[in-house]
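Work through the exercises below with the model open beside you. Try each task before reading its solution.

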Amino acid sequence: MDKPYTDTREHLLATGEAIILGKGFAAVGLAEILSSAGVPKGSFYHYFRSKEGFGVEMLERYFAQYAHQLQHLIVDRCELSARDRLLAYFGGWIDRQCDMPSQSCLAVKLAGEVSDLSEPMREALSRGMTRVIEKFAACLRDGVLDGSILTDQAPEQLAANLYAFWVGSALLAKVQHSAEPMKLALIQSKHMLSGEQSAGNH
């Protein structure tokens, strides 16, 4: 009896995420999500109390999936050094930006929009971003141990700096319709992982 509930809820969240990733949160009405999902309005309120509540659960779902992916990509891939794992991840972020510039990252898409619009959604974003930074920090600790990462910063501090740097670069890439800011971020990240503060330090 639980399976239909789980499937419908998941279907609504997946459908809503795909639409919101392209248009933003405020621009998308429940009618569009329900029509695309083929779910009646009454059923929506069986799963979610409001559009805002839907937004919170959508973000929690997104970050849970993202954290799982990061665990595989930058924490568990023991066949690569920690430095190579991080750089491969950043390279993949650039590739996604080039392939789908309007749909590259839900966190980047919504961070500026909903932080002032909804406190519960802002808190969901904050929790989710903290999870991402924690995965970065775990990888960085491995890198210090395997000798592939050189830094005077604590792993947690460097992780926060790297994530902030990449989120900012992704925002610039969206504004400029160019992957160039992220390509520059990759160059800078290589220096940061080598204990250098900028591309001008050798």
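Angles under 35 degrees count as roughly parallel, over 145 as roughly antiparallel, 65 to 115 as roughly perpendicular, and the rest as oblique. The model is predicted: local features need pLDDT of at least 70, side-chain atom pairs count only at pLDDT 80 or more, and totals for chains, interfaces and linings use all residues. Residues are numbered from 1 along each chain as its sequence is written, and side-chain values use heavy atoms, with hydrogens and water left out.

**Exercise 1.** Classify the angle between helix 6 and helix 7.

*Solution.* Locate the helices (DSSP runs of H or I, at least four residues, numbered from the N terminus). Helix 6 spans residues 106–114, and helix 7 spans residues 119–146. Their axes come within 10 Å and cross at roughly 140°. Helix 6 and helix 7 are therefore oblique to each other.

**Exercise 2.** List the residues through which helix 6 and helix 7 meet, then sort them by class.

*Solution.* Apply the contact cut-off, heavy atoms within 4.5 Å. The contact has seven nonpolar residues, no polar and no charged ones. Here Ala, Val, Leu and Met are among the residues that count as nonpolar.

**Exercise 3.** How many disulfides does the structure hold?

*Solution.* A disulfide needs two cysteine sulfur atoms within 2.5 Å. The structure holds zero. For cysteine 78, the nearest cysteine sulfur is that of cysteine 139, 10 Å away.

**Exercise 4.** Is cysteine 139 buried or exposed?

*Solution.* Buried means under 20% relative accessible area, exposed over 50%, partly exposed in between (1.4 Å probe, protein chains only). Cysteine 139 has 0% relative accessibility, so cysteine 139 counts as buried. Cysteine 78, at 68%, counts as exposed.

Key. Axes are lines fitted to C-alpha atoms, for helices over the stretch in contact, and angles run from 0 to 180 degrees between N-to-C directions. Helices (H or I, at least four residues) and strands (E, at least two) are DSSP runs, numbered from the N terminus.
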